[in-house]
Structure formats: C-alpha cells, structure tokens
Amino acid sequence: MRKLVVLVLVAVLSGALAQGRLFGEVASGNMSLVPGFNLSLQARMGAENVIGPLALRGGFGLFTGGGTQFAIGADVIYFLRSGSPDFYFGGGLGLVAGGGTLFSITGNAGLEIPVTRDFNFFVELQPALRFSGGASDFVLGVEFGPRLYFR
C-alpha cells in the first residue's frame with residue numbers, strides 16, 4: 001500500500017507539475033527550538049514554477065519527543081533567485097498523528113546554497129502554529145539538509 005501511494009504521488013507531481021524542475025529533500029532534519037527541543041526526519045518532493053513563480057512541496061516525516069509521531073504536510077514556496085545563496089519563503093499546512101492528532105499552519109524562510117547544478121544544501125527557519133483539541137501553541141524550528149534537483 002505504501003508503495004502505491006508513493007507511486008501515485010510521483011506520477012501526479014511529474015505529470016501535472018511538469019512546468020519546473022522537480023526537487024527532493026531526501027533526508028532533511030528539523031530541530032524544534034521552542035517550546036522544547038526535539039528532532040525529526042523528513043522526506044519531501046516538490047516542483048518549481050507550478051503556479052507562475054510559486055513552487056509546491058509535499059512530504060512526510062517522523063518526529064520524536066514524547067513518543068514517535070508521523071506527519072504529512074504541503075507548502076507553497078516563492079524562490080528569490082538573485083544570486084548565490086538563493087533565498088525563499090512560503091507557508092503551508094500540516095497534520096501530525098501519534099498519541100494525538102494536531103493540525104498546523106506553518107511558515108518558512110530559508111537559504112539554499114548551491115554545490116552543483118543539481119545538488120544544494122538548505123537551511124530553513126520554520127515558525128508554526130499548532131492546534132490540537134481546544135489548545136494551540138507556537139513552535140519555532142530550524143530545518144537543514146540536502147536538496148536534489150531531478151532535471
């Protein structure tokens with residue numbers, strides 16, 4: 001079942017979003033700084049220039065801290081490619097499950113540092129508002145890792 005979901009996701013992204021380069025963030029890490037420290041591992045895929053200059057990115061992740069949690073999310077990103085390093089910002093939505101379910105509204109602002117034409121490193125600041133039941137909280141995270149471009 002998991003392979004089928006991944007295959008459908010790749011088919012949809014590669015066919016419907018063929019306007020820009022596809023990219024993947026294969027093993028990005030995230031450190032939550034506020035309210036407490038925890039780590040996560042995420043895998044995401046996206047495409048540039050989907051809606052004009054906007055890129056779309058979606059993926060899944062595993063979070064630690066009070067037990068293991070599974071997350072899915074999607075972002076809209078605007079790249080400012082004026083030189084090296086490139087700056088980008090955007091926002092999105094997320095859902096986290098495991099011991100409880102929460103919904104999040106996220107922002108992101110980051111730097112992408114080119115290494116080669118198809119291999120870059122990124123560092124991203126991620127503020128988020130999380131909602132669970134009747135409660136909400138603010139989380140500030142830093143994400144980093146490699147970004148691979150596929151064309």
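**Figure 1. The largest cavity of the predicted model.** The largest cavity has a volume of about 510 Å³; a cavity is a set of points, on a 1 Å grid over the protein atoms alone, where a 1.4 Å probe fits but cannot get out, and lining residues have an atom within 4 Å of a point. Grid points are joined across faces, edges and corners, and the volume is the space filled by probe spheres set on the points. Of the 34 lining residues, Gln42, Phe63, Ser104, Thr106 and Gln126 are the closest to the centre. Two or more lining residues come from each of strand 1 (22-34), strand 2 (38-51), strand 3 (54-63), strand 4 (69-80), strand 5 (86-97), strand 6 (101-114), strand 7 (119-132) and strand 8 (135-149). Strands (E, at least two residues) and helices (H or I, at least four) are DSSP runs numbered from the N terminus. The lining comprises 13 nonpolar, 16 polar and 5 charged residues, where Ala, Val, Leu, Ile, Met, Phe, Trp, Tyr, Cys and Pro count as nonpolar, Asp, Glu, Lys and Arg as charged, and the others, Gly among them, as polar. The model is predicted, so that local features need pLDDT of at least 70 and side-chain atom pairs pLDDT 80 or more, whereas totals for chains, interfaces and linings use all residues. Residues are numbered from 1 along each chain as its sequence is written, and side-chain values use heavy atoms, with hydrogens and water left out.

**Figure 2. The largest nonpolar core and Phe23.** Phe23, Ala55, Ile77, Phe79, Tyr88, Phe122 and Tyr149 form the 7 residues of this core, a set of buried Ala, Val, Leu, Ile, Met, Phe, Trp, Tyr and Cys residues joined through side-chain atoms within 4.5 Å. Buried denotes under 20% relative accessible area, exposed over 50%, and partly exposed in between (1.4 Å probe, protein chains only). Beyond four places in sequence, the residues touched by Phe23 include Met45, Ala55, Leu56, Leu148 and Tyr149; contact requires heavy atoms within 4.5 Å.

**Figure 3. Asn49 in strand 2.** Asn49 is found in strand 2 and has a positive phi of about 50°, although it is not a glycine. Most residues other than glycine have a negative phi. Asn49 is partly exposed, with a relative accessible area of 39%.

**Figure 4. Leu125 in strand 7.** Leu125 lies in strand 7 and is partly exposed, at a relative accessible area of 41%. Its C-alpha atom is separated by 5.6 Å from that of Asn108, 17 residues apart along the chain. Leaving aside neighbours within four places in sequence, Leu125 contacts Gly107, Asn108, Ala109, Leu140, Gly141 and Val142.

Note on methods:
On a 1 Å grid over the protein atoms alone, a cavity is a set of points where a 1.4 Å probe fits but cannot get out, and a pocket is an open set with protein on both sides within 12 Å along at least five of seven lines; lining residues have an atom within 4 Å of a point.
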